[in-house]
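Here is a short briefing on one predicted model.

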Amino acid sequence: MVDPIKIIDRAQLSTAKDPWAAREAWRNHPSFSKMSQLRGMFPGFGIASGLFAIYLAYDHFAGAKEKKH
């Protein structure tokens with residue numbers, strides 16, 4: 001059986017080796033991952049693309065019949 005005190009001691013030893021480990025832990029949070037940052041880069045891009053496609057379809061089928069140029 002594993003002694004929980006030994007596990008806690010090992011965890012404290014690993015942070016004792018690196019005093020900044022607790023302060024650097026936020027870098028591994030999921031909100032700072034590459035995919036999360038890419039999704040947050042263009043927050044309204046998906047909605048805008050969909051609305052623009054609907055506008056283009058409407059303009060193509062119900063738009064002006066006369067070609068100007």
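Phe42 and Phe45 are both exposed, meaning over 50% relative accessible area, where under 20% is buried and in between is partly exposed (1.4 Å probe, protein chains only). The model is predicted: local features need pLDDT of at least 70, side-chain atom pairs need 80 or more, and totals for chains, interfaces and linings use all residues. Numbering starts from 1 along each chain as its sequence is written, and side-chain values use heavy atoms, without hydrogens and water.

**Aromatic pairs**
- The whole structure holds two aromatic pairs (ring centres within 6.5 Å; Phe, Tyr and the six-membered ring of Trp).
- One has its centres 6.1 Å apart and its planes at 50°, so Phe42 and Phe45 form a tilted pair; planes under 30 degrees apart would be stacked, over 60 edge-to-face.

**Surface**
- Met35, Leu38, Met41, Phe42 and Phe45 make a nonpolar patch of about 590 Å² accessible area.
- Patch members have over 30% relative accessible area and no salt bridge, and nonpolar side chains (Val, Leu, Ile, Met, Phe, Trp, Tyr) are joined within 5 Å; like charges are joined within 9 Å.
- A salt bridge puts a side-chain nitrogen of Lys or Arg within 4 Å of a carboxyl oxygen of Asp or Glu.
- Helix 3 (residues 34-41) gives the most to this patch, three residues.
- Leu38 lies in helix 3 and is partly exposed, because its relative accessibility is 48%.
- The chain exposes about 7,000 Å² (Shrake-Rupley, 1.4 Å probe), 66% of it from carbon and sulfur atoms.
- Buried residues are 1% of the 69.

**Fold and confidence**
- The chain has four helices and zero strands (DSSP runs: H or I, at least four residues; E, at least two).
- Mean pLDDT, the predictor's confidence from 0 to 100, is 76, and 68% of the residues score at least 70.
- Where pLDDT is low, predicted coordinates should not be read in detail.
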